[in-house]
Amino acid sequence: MERKFLKSVQRMKYYLTYKEVMGLNLIEKKENIIKKIRELNQNDVIKVLSMLNALSLEEKEKLKLDALNPICNINLEDYHFYDTSNILYTLKWVIAYGKSSNHSRKSSRYLLIEVILLVLKTADHMFDEKNSETPEEIYTKLVLFNREADFDRSLIRYKAIFENIARVEKTYNGKQYDIHTIFEEKYGYSMKQLVSVIFTTTHKILKGVTQAELHDYKNHCINLDVFFDKLSVNKDTARKIVEDLSITPEALKDLARKSLNNAFDNEYLITYPFLKVDNKVVIVSKEILNNTIYNGLFFKVLDCFEDRNSFFGYFGNLFEIYASTILREACISSKVGYEYIDEFKYGVEKKSSDFYVHIGKSLLIFEFKSGRFKRDTKVKGDSDSLASEFEKFVMKPILQANTCYQDIVDKERKLTQFKKIFILSGTSNALPKNLETNKLIRSKEFNEQLDSKVVFYDQLGLLDVEMVATYIELHKESIFKFLKNKVQLDDFSSYTQFYCDRYVEYKRTSYQDEILSDVFNDIGDTFGVNIEDRTKRK
């Protein structure tokens with residue numbers, strides 16, 4: 001078990017360090033890194049970092065061999081080059097110590113190599129050896145760092161949850177939640193306009209860049225005057241939105257320095273996915289931009305309410321409806337013959353678990369919880385905080401689903417036909433399973449609290465829930481077999497990672513494609529621009 005976990009830790013390290021490349025015993029001193037940053041033009045370095053993060057995997061591999069082969073002492077094929085996590089960490093150094101007033105006359109090739117070396121050198125400082133971080137703490141930070149760059153999935157979640165579901169489900173626990181009216185009153189624009197601006201300003205850059213284009217880094221910016229001229233309607237609204245989403249590196253300098261000791265603390269960037277440089281804007285990263293669409297929108301809506309706790313409950317209801325809907329639609333579209341049961345009332349004002357999928361004698365129970373993790377868990381990787389969150393968001397929902405199942409069987413005499421029970425708890429983000437948390441959930445003491453028919457239980461993040469829906473709709477092999485294989489072969493990685501390792505391509509469901517097509521139509525109508533509907537190319 002320990003060997004499998006350590007393998008997962010190593011697998012999550014997506015980047016090379018200068019120490020590894022050069023075969024050194026010591027890492028570059030911080031003062032030397034800062035000195036080099038101050039020699040370079042801050043705006044130019046930011047543009048190059050943004051472009052490096054936009055390279056495709058294939059282009060990244062080419063660049064790795066081209067840039068590092070002449071200087072390295074290792075077999076580069078065995079290593080990932082860099083990852084969004086250390087690109088953003090380098091960016092933090094550059095924001096904290098860079099100077100935009102510097103004017104370099106060096107070639108673009110020289111600047112590219114210098115930036116790559118900065119990425120490698122700062123990577124050696126991502127985990128401070130003096131702090132003696134455990135493999136569990138390192139793994140927690142690496143897993144919880146948001147690398148999700150699939151813009152389409154965030155657009156789908158926005159449309160399904162904040163538009164389609166929220167416009168119907170306006171009442172929760174007897175209280176009204178007209179989030180669209182409140183949002184527009186506070187910000188002066190609609191959610192649809194916000195999402196449309198983000199997409200239309202960036203969709204060309206989001207397609208990626210090539211290694212050859214890296215040398216034209218000075219043009220890797222969004223010229224807002226050109227962008228606004230292309231809009232046929234709502235130009236003033238678009239300007240206001242871009243202004244709200246943009247900030248100068250200088251304005252972020254203090255925040256960057258304060259968080260420099262934590263490589264994974266990038267929350268100061270989520271509110272501002274655009275950096276103002278040379279009177280234009282640069283995308284910080286696809287992942288940050290992606291985060292702004294779903295998580296960033298969540299927090300903007302949350303800020304509209306004085307009673308935040310009540311809004312968490314309301315949003316949790318929206319989350320549960322979306323998760324259940326995508327699974328229900330997948331069952332309907334599947335050719336395998338899955339059947340489903342929606343949440344139902346029983347007894348005296350009791351509710352069942354959120355969703356059920358079954359085929360033959362096997363029943364899969366879903367229990368969703370949409371709460372947000374504490375900062376100490378998400379950013380610091382604190383072991384005690386993780387254990388507490390794991391109990392709250394993973395173990396308690398599993399026990400809740402189990403108790404509910406037993407109650408329904410004993411008092412209602414329903415669900416008695418099933419011989420094998422599978423239970424999955426679902427949250428916005430899956431919590432990492434390390435050696436300690438895995439001992440909790442796989443312990444004999446925990447297992448003995450469950451019904452004798454329960455043969456499987458685990459947790460999913462929202463991306464994993466969407467993956468399960470994809471599996472149910474598109475694959476002939478039973479979802480029950482897939483779940484058991486995953487735990488037996490790799491109990492530590494996410495279900496989505498396990499799926500992608502086996503099937504490579506992670507396709508959208510029919511329901512997701514319908515939602516995404518509606519999003520593209522909305523975006524085109526909002527600002528009078530032509531948007532390519534990518535669902536037609538699936």
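**Close-up 1. Helix α22 lies across β9, β10 and β12.** Helix α22 spans residues 462-474 and runs at about 125° to β12. Axes are lines fitted to C-alpha atoms, for helices over the stretch in contact, and angles run from 0 to 180 degrees between N-to-C directions. Contact means heavy atoms within 4.5 Å. Helices (H or I, at least four residues) and strands (E, at least two) are DSSP runs, numbered from the N terminus. The model is predicted: local features need pLDDT of at least 70, side-chain atom pairs count only at pLDDT 80 or more, and totals for chains, interfaces and linings use all residues. Residue numbers start from 1 along each chain as its sequence is written, and side-chain values use heavy atoms, without hydrogens and water.

**Close-up 2. Five strands build an open, mixed sheet.** Their order is β6-β9-β10-β11-β12; strands pair if DSSP finds at least two bridges between them. β6 (339-342) and β12 (454-460) are the edge strands, each with a single partner, so one side of each has no neighbour in the sheet. On average, neighbouring strands are turned by 20° against each other, direction ignored. Helix α19 (residues 383-412) packs on this sheet and touches β9, β10 (362-368), β11 (420-426) and β12. The directions of α19 and β11 make about 140°.

**Close-up 3. β6 runs antiparallel to β9.** Four bridges join β6 to β9 (residues 355-359). Tyr340 has Val357 in β9 as its bridge partner.

**Close-up 4. Helix α10 (residues 179-187) has four buried residues: Ile179, His180, Phe183 and Tyr187.** They lie on the same side of α10, because they cover an arc of only 95° around the axis. The arc is that of the directions from the helix axis to the C-beta atoms. Buried means under 20% relative accessible area (1.4 Å probe, protein chains only). Gly188 follows α10, with a positive phi near 85°.

Conventions: Buried means under 20% relative accessible area, exposed over 50%, partly exposed in between (1.4 Å probe, protein chains only).
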